[in-house]
Amino acid sequence: MISENDWKQEQERLELVTEQLKDRIAELEPEVSGLRNQVTDIRKRFWEEVTVNTSTQEDFEETLYSIQQQEALLSERERSHRKRMQQWNNMKRLLPSPYFGRIDFEEAGIGGSEPVYIGVSSFLDEEGLQFLIYDWRTPIASLYYDHSPGPAAYQTPGGLVEGTMLLKRQYQIRDGQLRHVFDTSETIGDELLQQALGGGADAQMKSIVATIQKEQNAIIRDDKSRMLIVQGAAGSGKTSAALQRVAYLLYKNRGRLTADQIVLFSPNPMFNSYVSTVLPELGEENMQQTTFQEYLAYWLEPEMRVENPFDQMEYVLAAEPAKEYEARLQGIRYKASEAFLEALQSYADWLCKEGMRFHDIRFMNRSLITAERMKSQFYSYDPAIRLDNRVAMLRDWLLRELAVLERKERQAAWVQDELDYLDSDQYQEAYNALLKKVQREEAVFDDVTRLYVDASDRNRGVKELGEENMYDFAEQEEDILRRMVVKERFRPLRRDVKELRFVDAAGLYTQLFGEEDDYRRMTGRSEAPELWPEISRQTREKLDRQELLYEDATPFLYLRELVEGARRNTDVRHVFVDEGQDYSPFQYAFLKRLFPRARMTVLGDFGQAIFVQSTHLHMEDSPLVRLYGEDETRLIRLVRSYRSTQEIVAFTKAMLPGGEGIVPFERYGGKPRLVRLGSGEERAARIRDDLAMLKAEGFDSMAVITKTTAESREVFDRLTGIGCEGLRLITKETLTFEKGIAVIPAYLAKGVEFDAVLIYDASSQTYHRESERKLFYTACTRAMHRLRLYATGEWTPFVGSLDPSLYE
Ligand SMILES: Nc1ncnc2c1ncn2[C@@H]1O[C@H](COP(=O)(O)OP(=O)(O)OP(=O)(O)O)[C@@H](O)[C@H]1O
């Protein structure tokens, strides 16, 4: 704590700043609402103020000028409105807790120091000359996160500023009241952090700006790396750092970077809701959020049905090991690999010479253009031309062919039949529509004056069609109608061709999964993976039903893009991948191609790699390092775990090979408790009672974690059946994260946290495969304050092998 005198001074300063904030808010109030009214008013009266006159060239110019002027006025007001509004919002956000930190820094060679107060945004005094509060993202504020009193330095655009930090102080201010003040001698005193971590879990993630740790600050402020990889232990603040990094990037690149140029790939839709309030709390707009599955579904469905990654996970967890199971696992691993990516690239080269597959273009149950014809046309192009460019050439050729066929089709018998069924209104309507179109095309523009063809002159309209005049009117009319009828029927054909649906993408992918020799020949590989015949059989079986296994979805899309041309998003400048260990090297290569102008931040924990196709993040030769090369890649490790109590971290890290390096934050709360009961019924009853007790202790965010969805459903019914109230069953479809008691499969609990976690069944019957260790670890590390495990029968070996002093 600080001296009485210091406290008094701080109190006075807080009052002063609060007064100033209040004054400025009050000052801006009428201006902000006035501006809002003005903008609405201008919008409403936009056309009143504009004199529209196009009779002469001069009048036209006058009109144009007046529109431009109104527009300029409106956007100026809007700009100023937005800016004022933002200032006003920032000040309102500051008011309850204007700052959380202070540093006194003496720059080398310049005597004296001014206190630098740090808050969630900047605030200047009335004259606009002195900072009363510095935004936490300003260069000088980084001193607060990176140093303790003593020699210190911070980076500015102009270079490194060195000096001495004389004081570092933390504040806890609530509702404008000074509650606590701490002076710290170490890098960020633990007091504030202790208080922040001691609280309960929330339905929404909180911002951590007041207590960002040095190594987290390095992640937040990194603006050099093309690829930033963060390998961090469970609860080490990866997601938190990612979100504050977004806020930092938006601040640093204000005017150049907008929130919609940043994309975050989340592990599941519920996670989106969990993190959605952090950025608005910091006065920034949310970035775009999506899941990889959403992206795949967007491009592949409805033509192909894509398996959900969680269904894949359920298969892996629940299926009995047999040949089929082993082959699927092997297939998942192979299809996730860089080797398969290269195989597809070589396959595309092979397709340049042979093997392309197309769909016939069919019309009324007959082939208009056969796949065979397309193929020979395709291979008649210069072999030096790239595959996707040749496909584009073929598309143009097909459109020309279709135009010829469409003309021929006008004389077909079915057209006559169709004409017979047009009623006279349709006749008239169709005719008028056509005539109008012709007349529109005919419209003559003479700068501002538009001369229209006389709409009543039907004969002239027909003449302008370019049809021969030898028909009498009825014949000409019929001709027009034939044209219209056929054109309408050909429309979907043309659309399909433009969308390249004539390429048999599924056939091309299926073709890969045949005989091993063929696979090697087509892809130039020296060998196919083990169990290839069974892998092929499984893949084809799905494809035949227009379905894609999850592991096939990205390679399928990739191959389609090799053939049809790649989609690229050049707007996006930053891609964030959370739970990055769960993406395959293949998916990363795909993301790199999709966002060619973006920097990538990948955050993950290999200790929580629960998918078969996971990517190593912590190894120097990780495929991620190869993606942009070592020079453009930075790897940061976070080993301190903030989420769970010391006892929980000690328990969970002991079950993880290599977990020794994880450092718990000093916060205590009782050892994890292991409860073994004689039957499933007893277990359920005990869990019901424990939930009630924990609730009485004040924990209001709890989770009963199961292994699979099926088990979650069963537990939910069982617990509800014995009087457990207020349970919420979480499935992959759940969109929002709420407080209360969740019954949730472990793989969906990724990224989120609870006050108390109860592992419903930690027996060896449920968790025994080595591959399930990380899933079990992930489940246990969701607990902040209490962890309880239940079993009937033997404990899972992951627990059974632990030192008994780690639990009670
Ligand atoms: N510097 C910090 N100050 C305060 N709280 C922090 C800090 N860093 C992390 N936390 C808290 O620790 C908890 C875990 O953080 P977060 O979810 O970001 O970790 P993570 O590494 O993404 O975890 P996981 O990989 O296990 O999902 C959160 O409650 C977060 O608020």
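This is a predicted model: local features need pLDDT of at least 70, side-chain atom pairs count only at pLDDT 80 or more; totals for chains, interfaces and linings use all residues.
Local features were taken only where pLDDT is at least 70, and side-chain atom pairs only at pLDDT 80 or more, while totals for chains, interfaces and linings use all residues. Numbering starts from 1 along each chain as its sequence is written.

The secondary structure of the chain comprises 29 helices and 27 strands. Helices (H or I, at least four residues) and strands (E, at least two) are DSSP runs, numbered from the N terminus. The C-alpha trace spans about 105 × 80 × 60 Å along its principal axes. Of the 808 residues in the chain, 35% are buried. A residue is buried if 20 or more other C-beta atoms lie within 10 Å of its own, exposed if 12 or fewer, and partly exposed in between, with C-beta atoms placed from the backbone. Contacts were counted between residues whose C-beta atoms, placed from the backbone, lie within 7 Å. Among contacts between residues at least 6 apart in sequence, 72% join residues at least 24 apart.

One pair of residues gives a sense of distance within the chain. Glutamate 19 and serine 346 are separated by 327 residues in sequence and by 69 Å in space, C-alpha to C-alpha. Glutamate 19 belongs to helix α1 (residues 4–44). This glutamate 19 counts as exposed, with 10 C-beta neighbours inside 10 Å.

Strand β18 (residues 599–604) is mostly covered, with six of its six residues buried. Arg599, Thr601 and Leu603 point one way from β18. Met600, Val602 and Gly604 point the other way. Strands pair if DSSP finds at least two bridges between them. Strand β8 (residues 227–232) runs parallel to β18 and is joined to β18 by five bridges. Within this pairing, isoleucine 229 has valine 602 as its bridge partner. Strand β17 (residues 574–578) also pairs with β18 in the parallel sense, over five bridges. There, histidine 574 stands opposite arginine 599. Helix α23 (residues 585–594) lies between β17 and β18 in a right-handed β-α-β unit. A crossover is right-handed if, with the strands pointing away from the viewer, the path from the first strand over the helix to the second runs clockwise.

Strand β27 (residues 783–791) is mostly covered too, with nine of its nine residues buried. Strand β22 (residues 673–676) runs parallel to β27, joined by four bridges. Strand β26 (residues 754–759) pairs with β27 in the parallel sense over five bridges. Leucine 789 of β27 is the bridge partner of leucine 674, and isoleucine 759 also stands opposite leucine 789. A right-handed β-α-β unit is made by β26, helix α28 (residues 773–780) and β27.

Helix α19 (residues 505–512) has Ala505, Leu508, Tyr509 and Leu512 as its buried residues. Seen down the helix axis, these buried residues fall within an arc of 95°, so they line one face of α19. The arc is that of the directions from the helix axis to the C-beta atoms. An α-helix has 3.6 residues a turn, so residues three or four places apart point the same way. The cover over the buried residues of α19 includes α12 (338–351), α20 (516–523), α21 (532–544) and α22 (550–564).

Leucine 500 is partly exposed, with 18 other C-beta atoms within 10 Å. Leucine 531, in the loop between α20 and α21, has a positive phi of about 60° and is not a glycine. This leucine 531 counts as partly exposed, with 19 C-beta neighbours inside 10 Å. The peptide bond from glutamate 301 to proline 302 is cis, with omega near 5°. Proline 302 lies in the loop between α9 (292–300) and β11 (305–306).

Notes
Two residues are in contact if their C-beta atoms, placed from the backbone, lie within 7 Å.
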